[in-house]
Amino acid sequence: MPDDPRDERSVLIREVRQRLESLRRAGIDWFPTPLAAAPVSRRTAQHVVVAAAEPETPAAVAATPAPTITTAPSPPPASKQAPASSLFDAADFDTPLVPPDERLAQLAALAQEVAACERCPILASTRTQTVFGSGPPTARLMFVGEAPGADEDRLGLPFVGRAGMLLTDMITKGMGLRRDEVYIANVLKSRPPENRTPEASEVAHCLPFLERQIAIIRPQFLCLLGRVAATALLDTMLPLGRLRGRWHRYRGIPTIVTYHPSYLLRSPEEKKKAWEDLQLLMQAMGLKPPPRKKS
Ligand code: SF4
């Protein structure tokens, strides 16, 4: 870090330019208000955020008119702090950002590779087909689950069984998004027989496909559903109860961990905690719950 404040300022200006250039390549070419002209120190710059990404209360969410770039007045408590969308948090990928209009073709090529994969001999010989993922290649939010089940194996799509219906409710009724606005994938692309928990070797074999999938889509937010996804992507052995309810990062992407919908079907009393996790995500994304329908 340079000692001369002029050097510090020029470093900051260069970083802003680089970040804006990467946002432009991602298809974001304007902001409602210009960047503040006042000089900021490197310390305060770490809290420069897209303001709509971090409203603190439901009222604040409702009052937030449009995304603006501003300086956050003070960081919220660490456990609830949304590390989202900081201009200075560069994504940490080995590969360059894929232009939006090339993502579909790259995902299709990767899906073909997955369809031919036989790295896990048992899974490859028992699956009906691989289940790659679904959603727009420019999705802002990506959900990652564990592995396909019987319905997914039959239809070739992720989360289409009972757990999928619950996930759809969480996305639509809970978050106010359409299901086709988010990308949904699993750690494993082939169904484990009898829906057993994936073995460590299977996760190790398939994880590179998921990592390439995330690198192409480069979502702004990740939501990991269940222990297998959290353990695989966050490289941790902590139990899910210790991972949920706070922010993590996967390669710089702000990431939330919550319960897998299959677990919530078996343990409905945990739905309240899952809802709390989704609310953290929604606050960071600037979303508010849809109005409840009167019964
Ligand atoms: S689970 Fe993944 S790595 Fe294993 S056979 Fe299927 S596609 Fe290949």
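This is a predicted model: local features need pLDDT of at least 70, side-chain atom pairs count only at pLDDT 80 or more; totals for chains, interfaces and linings use all residues.
Helix α9 is followed by Asp 235, whose phi is positive, near 50°. Residue numbers count from 1 along the chain's sequence as written.

α9 covers residues 227-234, and seven of its eight residues are buried, so the helix is largely enclosed by the rest of the structure. The buried ones are Arg 227, Val 228, Ala 229, Ala 230, Thr 231, Ala 232 and Leu 233. What do they pack against? The partners are β3 (141-145), α8, β5 (221-225), α10 (240-243), β6 (247-250) and β7 (253-258). The helix lies across four strands, β3, β5, β6 and β7. Its direction makes an angle of about 130° with β5.

Ala 229 is in contact with Val 144, Gly 145, Glu 146, Val 187 and Leu 224, leaving aside its neighbours within four places in sequence.

Now turn to the sheet. Five strands make it up, in the order β4-β3-β5-β7-β6. The sheet is open, and its pairing is mixed. β4 (183-186) and β6 stand at the edges. Each has a single partner strand, so one side of each is left without a neighbour in the sheet. From one strand to the next, the twist averages 30°.

Take the strand pairs in turn. β3 and β4 run parallel, joined by four bridges. Here Gly 145 has Asn 186 of β4 as its bridge partner. β3 also pairs with β5, in the parallel sense and over four bridges. Tyr 250 stands opposite Ile 253 in β7.

Is β3 enclosed or open to the outside? Five of its five residues are buried, so the strand is largely enclosed by the rest of the structure. Its residues point in two directions. Leu 141, Phe 143 and Gly 145 point one way, while Met 142 and Val 144 point the other way.

Some of these residues return in the nonpolar core. The largest such core has 52 residues. Which of them have the most contacts inside it? They are Met 142, Val 144, Val 187, Cys 223, Leu 224 and Ala 229. Among the elements, α8 gives the most to this core, with seven residues.

α8 also matters for the ligand site. There are 15 residues around the ligand. Cys 117, Cys 120, Ser 190, His 205 and Cys 206 come nearest. Two elements give two or more residues to this shell: α5 (121-126) and α8 (200-217). The largest share, four residues, comes from α8. By class, the shell has eight nonpolar, three polar and four charged residues.

Thr 95 is 120 residues from Ala 215 in sequence, yet the two are 7.3 Å apart in space, C-alpha to C-alpha.

Terms used
A residue is near a molecule or strand if its C-beta atom, placed from the backbone, lies within 6 Å of it. Ala, Val, Leu, Ile, Met, Phe, Trp, Tyr, Cys and Pro count as nonpolar, Asp, Glu, Lys and Arg as charged, and the others, Gly among them, as polar. A nonpolar core is a set of buried Ala, Val, Leu, Ile, Met, Phe, Trp, Tyr and Cys residues joined through C-beta atoms within 7 Å. A residue is buried if 20 or more other C-beta atoms lie within 10 Å of its own, exposed if 12 or fewer, and partly exposed in between; C-beta atoms are placed from the backbone. Two residues are in contact if their C-beta atoms, placed from the backbone, lie within 7 Å. Two strands pair if DSSP finds at least two bridges between them. Axes are lines fitted to C-alpha atoms, for helices over the stretch in contact, and angles run from 0 to 180 degrees between N-to-C directions.
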